[in-house]
Amino acid sequence: MTSATITLKPGKDQSLRRRHPWVFSGAIARLQGEVVEGEAVTVLAHGGEVLGVGHYAPGSIAVRMLDFGPDAQLPEAAFWEEKLRNAYQLRQGLGLTGQGNTNVYRLAHAEGDGLPGLIIDVYGDVAVVQAHSAGMYRARPHIAAALQAVVPGLRAVYDKSAETVPAKAAPGAQNGYLFGESSGQEHIVHENGHRFVVDWETGQKTGFFIDQRDNRSLLARYAPSRRVLNTFCYTGGFSVYALEAGAELVHSVDSSKKAIELTDRNAALTDHADRHEAYAQDVFSFLKDRHNQYDLIVLDPPAFAKHLSARHNALMGYKRLNVAGIKQIAPGGLLFTFSCSQVVSMELFEGAIMAAAIEAGRPARILHRLTQPADHPVSLFHPEGEYLKGLVLAVE
Ligand code: SAH
């Protein structure tokens, strides 16, 4: 038991018994004892029965659950090792941990791995930790120690929480190594045999978009002999797969100059950089002056809606982007279109894309519905963990 306890209102224990990992502040009858943001609390049903242990925060999500049931463990060394060992074994079983031709994977996907508020991405022999809650931020020393015990050959653990931890809970948080240090050299990872330079210190998020791995493989099936446009390319993941699959040409677009430099660097690691051109430009302005010149277009923008209140505008944004994209696809071409906004469901996304096809005046058929890969698992009890949606359309 923790020193502080939270007792729920009558009937508010049901979702926890189904292992939904969040306790909302409105469900709480009383808080007993002293607890500061990020410390562990024990959660009790109205009658006093222990339901589990979680990290406390004073916001609308008051507790993020770490363990359930009357014997719930306190989050100490053994707890972190067990959770991360389970997470590692899952990825190992998926063939992602470097035994094959992939050594870049998500090791911990927050609620999907029973670790609400924690993201860990592994790049070969370096793990990058991102805490999204005060509880996970405070637990970093435990997490770093558990990673060393669980991931064979780990050389360094980098903490990249400064932009993600709630600012009030960790004022002045700085990114840095929890263990090991920078090698000072370019770090190359392997994804399905393709090589990519990853820079977790200065890159966006943890440095690389691991969640598109399977969708890049699908694109490789369709890329041979096609003229490919990869918009919002970031480090050029889709571009590299298209080049190596034998695309006739590949154009990559991103508004960030740094992203374009990384894309060019990654394209240069293939033997086909002569068929690649990268543009540091706004996607909307780029699409304006193209005329049906691509056989395959990828639209993978950043999340247009971070909150429910922004959902309507996000849907309008997806529609506008897809109108512009669809217009530039040659007849019979393919569109790979994505949304990584958690609050936009597949149903809503499909509606926006349908509206875009109508406005563009181009009949289209759905060939594939896409999502995030298996190392970004979604707990059945926490469907909110699903965020990536994609459609592959054949455009007439
Ligand atoms: N598809 C990428 C990930 C995309 S992340 C991959 O597979 O790795 C989103 C990218 O969109 C970021 O690199 C960001 O710089 C870029 N971006 C955001 N708004 C943009 C705009 N209006 N025009 C061009 N690029 C933009």
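A polar contact, as used in these legends, is a pair of N or O atoms within 3.5 Å; within protein, one atom must be able to donate a hydrogen and the other to accept it, and residues adjacent in sequence count only if both atoms are side-chain atoms. The views show a predicted model, in which local features need pLDDT of at least 70 and side-chain atom pairs count only at pLDDT 80 or more, whereas totals for chains, interfaces and linings use all residues. Residues are numbered from 1 along each chain as its sequence is written, and side-chain values use heavy atoms, with hydrogens and water left out.

View 1. The protein chain is divided into domain 1 (5-68), domain 2 (77-189) and domain 3 (209-395), with bounds that come from an automatic or database domain assignment. Between domain 1 and domain 3, the C-alpha centres lie 40 Å apart. An unreviewed UniProt entry places the feature "domain: PUA" at residues 4-89; UniProt positions are given in the numbering used here, feature names are shortened, and annotations may be inferred rather than shown by experiment. Over residues 4-89 the chain is 20% helix and 37% strand, with the end C-alpha atoms 33 Å apart. Helices (H or I, at least four residues) and strands (E, at least two) are DSSP runs, numbered from the N terminus.

**View 2. The surroundings of the ligand.** In this view 15 residues surround the ligand, and the closest are Gln204, Arg216, Asp254, Asp282 and Asp300; a residue is near a molecule or strand if one of its heavy atoms lies within 4 Å of it. An N or O atom in the side chain of Gln204 is 2.9 Å from an oxygen atom of the ligand. Taken alone the ligand exposes 580 Å², of which the protein buries 88%; accessible areas come from the Shrake-Rupley method with a 1.4 Å probe, and for residues only the protein chains shown count as cover.

**View 3. Asp282 in its loop.** Asp282 is found in the loop between strand S16 (276-280) and helix H8 (283-288). Because its relative accessibility is 41%, Asp282 counts as partly exposed, on a scale where buried means under 20% relative accessible area, exposed over 50%, and partly exposed in between (1.4 Å probe, protein chains only). The side chain of Asp282 reaches the backbone nitrogen of Phe284 at 3.1 Å. Val253, 29 residues away from Asp282 in sequence, is 7.6 Å from Asp282 in space, C-alpha to C-alpha.

**View 4. Ile297 and Asn322, two buried residues.** Ile297 belongs to strand S17 (residues 294-299) and counts as buried because its relative accessibility is 0%. Beyond its neighbours within four places in sequence, Ile297 is in contact (heavy atoms within 4.5 Å) with Leu229, Gly325, Gln328, Ile329, Leu334, Leu335 and Phe336. Asn322, in helix H9 (residues 311-327), likewise counts as buried because its relative accessibility is 0%. Not counting residues up to four places away in sequence, Asn322 touches Leu299, Leu335, Thr337, Ile353 and Ala356.

**View 5. His194 and its polar partner Glu244.** His194 is placed in strand S13 (residues 194-197), and its relative accessibility of 12% is why His194 counts as buried. Apart from neighbours within four places in sequence, His194 is in contact with Val189, Val240, Tyr241 and Glu244, and its side chain makes a polar contact with the side chain of Glu244 at 3.1 Å.

**View 6. Positive phi at Lys205 and Tyr234.** Most residues other than glycine have a negative phi. Lys205, however, has a phi near 50°; Lys205 is found in the loop between S13 and helix H5 (213-222), and it counts as exposed because its relative accessibility is 52%. The phi of Tyr234 is near 45°, and Tyr234 lies in the loop between strand S14 (227-231) and helix H6 (237-245), where it counts as buried because its relative accessibility is 7%.
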